Amino acid sequence: MKFLEIAKKDLRAEFRTKQMLNSMVIFALLVMVIFSFAFGNEATIFIPNLKKKIIDILAPGMLWIAFTFAGMLGLSRSFAGEKEEGCLDGLKLCPVDRSDIYNGKVLSNAVLMFLMEIAALPIFIVLFSYDIKNLPGLILVIILGTFGFIFVGTLLSALTVNTRTREILLPVILFPVLIPVILSAVTATATMLSNGDISDISGELQILVVYDIIFFVVAQMVFEYTIED
Amino acid sequence: MEPIIEVRNLSKVFKSRGRRITAVDDVSFDVFNGEIFSMIGPNGAGKSTTFAMMTTLIKPTGGKIKVAGFDAENEDDRIRPIIGIVPQKLSLYPDLTARENLELMGNLYDVPKKVMEERIEYYLKLVNLENHADRFTGGFSGGMKQRLSVISAVIHDPQIIFWDEPTTGLDPQTRQAIWKLARKFNSEGKTLIFSTHYMDEADKLCDRVAVMNAGKLMALDTPENLKKTTNSATLEDVFIHLTGEEIRD
């Protein structure tokens, strides 16, 4: 259970300074406010062929842009801070399994992501006037999508920590790998926002679950090599 | 005395942009149980790389290291609990207090809670940090960080302590305090391995000194014997005699 110690120290330090959390929440809110102004009144126009309003097509993608870009701010600092203070070597020298370091980072990143999403989701619902009937379904999609993002993001964040251009390199290598999870999450979110049933998104949920499992298992196996000097 | 660390034909080659850089080249030596052993050498001599291999942080390209009988390459999980490391770049979390930093290390090394609390109080007093226990380490001076880093490395009561450049950039008072600590740990039976740029430190503190240059072990003996065999008055003269006067990058 040493991963809990690693997550605990990360979160303790973060809740004291709130550097990342504040940045992530503000960034997510800004994205939503800017998109809400940009879409304007035209977004409420109904398209008969699709039986949807323009906003129903755009909003799910916008929500996940806000989540993933805000999450990227946290991910890019996840290992960078450790590296800069020399603490990553300190952790590697402890009798701690390498996967505990990964799991600890996953946990702390996930807590920050979920806090950001808890703050951003109500604002999204208000700004785009949604009346969501299947909130648990939407929350399930967000949880699965977020874990997919965190599992891969934490691994690649460790991989890029030794590079000089890590803040630039991380999104460049992360987003292509995230395509399956983002596409499935956006489609499932659109269905949930249109008051669809959970059975309507069973395919997307399967993809998200399989993606999460695969990347979690792969990360446990390869993380050791990503943090080698 | 029996060796607690055995280094045999150790080498490390780094590959960078198509170039092969030999940081450590066929080095062999023993460190005996309960001694204070020092590695000295100019910049780029291979001291830190040898340290990193002995502490299991990096794997050798060739050769073998045994620490307390365990193979550093394949039994690193058996070695880590019995060694303590004070790195050159101190691994302290600036947004945690001194006590929280020590508790984190204690928990990662599976020190029982009650024992850990007693040790934290004892060691904080020992290094005069008891009044700063609940301050964030980000605001500590270099000397305070070094002292905290030392006790964080021994919170799990290791058999062997590795100390990479322990007094670099510290004032004379803090250097004296660090030397006192080193002697105290040694008197408790712990083996200490230093790397240092300060010749007086190696001379006063260490039982044996290894001189490295360009990845090779140039000499290994007591400070007195090194002076005798090179006809030198001081360890600094020994150092210059063995490694040359050329300035290193």
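**Two chains, a few residues at a time**

Colleague: What relative accessibility does Lys18(A) have?

Modeller: Lys18(A) counts as partly exposed, the class between buried (under 20% relative accessible area) and exposed (over 50%), with a 1.4 Å probe and protein chains only. This is a predicted model in which local features need pLDDT of at least 70, side-chain atom pairs count only at pLDDT 80 or more, and totals for chains, interfaces and linings use all residues. Residues are numbered from 1 along each chain as its sequence is written, chains are lettered from A and ligands numbered from 1 in the order in which they are written, and side-chain values use heavy atoms, without hydrogens and water. For Lys18(A), the relative accessibility is 39%.

Colleague: Thanks! And what is the phi of Lys18(A)?

Modeller: Lys18(A) sits in the loop between α1 (2-17) and α2 (19-39) of chain A; helices (H or I, at least four residues) and strands (E, at least two) are DSSP runs, numbered from the N terminus. Although Lys18(A) is not a glycine, its phi is positive, at about 55 degrees.

Colleague: Which residues does Ser108(A) touch, beyond those up to four places away in sequence?

Modeller: Ser108(A) belongs to helix α6 (residues 98-127) of chain A, and at 4% relative accessibility Ser108(A) counts as buried. Contact means heavy atoms within 4.5 Å. With residues up to four places away in sequence set aside, Ser108(A) touches Ala7(A), Asp10(A) and Leu11(A).

Colleague: Over to chain B. Which strands stand at the edges of the open sheet of chain B?

Modeller: Six strands make up this open sheet, in the order β6-β7-β8-β3-β9-β10 and with mixed pairing; two strands pair if DSSP finds at least two bridges between them. An edge strand has a single partner, so one of its sides is left without a neighbour in the sheet. In chain B, the edge strands are β6 (83-86) and β10 (216-221).

Colleague: Which residue of β8(B) is the bridge partner of Ile160(B)?

Modeller: Strand β7 (residues 160-164) and strand β8 (residues 191-196) of chain B pair in the parallel sense over five bridges. The bridge partner of Ile160(B) in β8(B) is Thr191(B).

Colleague: At what angle does helix α1 of chain B run to β8(B)?

Modeller: Helix α1 (residues 47-54) of chain B lies across β3 (36-40), β7, β8 and β9 (208-213) of that chain. Axes are lines fitted to C-alpha atoms, for helices over the stretch in contact, and angles run from 0 to 180 degrees between N-to-C directions. The angle between helix α1 of chain B and β8(B) is about 150 degrees.

Colleague: How far apart are the C-alpha atoms of Leu226(B) and Val209(B)?

Modeller: Leu226(B) lies in helix α8 (residues 223-229) of chain B and is buried, with a relative accessible area of 3%. Val209(B) is 17 residues away along the chain, and the C-alpha separation is 8.3 Å.
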